[in-house]
Amino acid sequence: MADDEFEGGSRTLVLEHSFDSGLNPSFTKKGMVVLKSVKGNRAFFSSVAPLTSDELEKLKMLAKKNDIYRLRLQTGSGSSGEDYVTTYTPACGIMSSNLSDHVWIQFDQTGEVMGISLETATSQCVNGDNFSIQDWNTSVEVTQTLLGPSPDTQSYIEKLKREEQERAKGQTEDKRSFLAKYWMYIVPVVLIMMLSGGGDQQGGGGGGGGGQ
């Protein structure tokens, strides 16, 4: 996504949070992430409203139970516009940090949301009975995953072809005749056999003369 693809305006993403326990928590709108530029890391958070008294009590209860505070971002990539990326942090950390949190949003190379993460200044649990802060202090940072250098496929294919050709050359059959390839071994053997055979014939002739 290029910086100028917002046509001089901005892109808005809905940020929601939950103060419920369990596997199927309900979410309410926390605010909006106004995105000016992904590459330039230009984004800010716009809160919808302070915590209600009911939400504040739920947050205190989560902290007492050492439970988690959930956050999710609507990606809008689905056909219904209800696809989300979700993260969480200990509720103790939210209270101990006085509702100050930092949100990271990760985008891919095309500008689609990949994930979200949440961080607080501390995760220590404090006595929250007298906690009364209701205004969020949320900061947002965006990052984009860049593609690494693509492999040089063509050079690799050419290298494989050269290696295959070299192997083929090494495996080419020697089409010379048997005598042409091994004459240096055959000739000495033939000479030895001829010399041995000649000596036997001479010895046999002498023995026959003695018999007469």
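This is a predicted model: local features need pLDDT of at least 70, side-chain atom pairs count only at pLDDT 80 or more; totals for chains, interfaces and linings use all residues.
## Overall make-up

The protein contains 4 helices and 8 strands. Starting at the N terminus, the order of these elements is β-β-β-α-β-β-α-β-β-β-α-α.

Of the 212 residues in the protein, 32% are buried. Taking contacts between residues at least 6 apart in sequence, 64% join residues at least 24 apart.

## Helix α1

Helix α1 covers residues 53-64, which is 12 residues. From its first C-alpha to its last, α1 reaches 17 Å, close to the 16 Å expected at 1.5 Å a residue. The buried residues in α1 are E55, L56, L59, K60, L62 and A63. Viewed down the axis of α1, the buried residues fall within an arc of 160 degrees, so they line one face of the helix. S53 and K64 lie on the other side of α1 and are exposed.

Several elements take part in covering the buried residues of α1, including the strands β1 (11-18), β2 (28-37) and β4 (68-74). Helix α2 (91-96) is also part of this cover. Just after α1 comes N66, with a positive phi of about 55 degrees.

## The loop between α2 and β6

Most residues other than glycine have a negative phi. The loop between α2 and β6 (100-107) holds N98, and L99 is found in that loop too. N98 is not a glycine, yet its phi is positive, at about 55 degrees. L99, also a residue other than glycine, has a positive phi near 65 degrees.

## A nonpolar patch on the surface

Four residues, V187, V190, L191 and M194, form a nonpolar patch on the surface. Together they have about 350 Å² of accessible area.

One of these residues, V190, lies in helix α4, which spans residues 178-211. The relative accessible area of V190 is 36%, so this residue is partly exposed.

Definitions and conventions. Residues are numbered from 1 along each chain as its sequence is written. Side-chain values use heavy atoms; hydrogens and water are left out. Patches are made of residues with over 30% relative accessible area and no salt bridge: like charges are joined within 9 Å, nonpolar side chains (Val, Leu, Ile, Met, Phe, Trp, Tyr) within 5 Å. Accessible areas come from the Shrake-Rupley method with a 1.4 Å probe; for residues, only the protein chains shown count as cover. A salt bridge is a side-chain nitrogen of Lys or Arg within 4 Å of a carboxyl oxygen of Asp or Glu. Helices (H or I, at least four residues) and strands (E, at least two) are DSSP runs, numbered from the N terminus. Buried means under 20% relative accessible area, exposed over 50%, partly exposed in between (1.4 Å probe, protein chains only). The expected span of a helix is 1.5 Å times one less than its number of residues. The arc is that of the directions from the helix axis to the C-beta atoms. Contact means heavy atoms within 4.5 Å.
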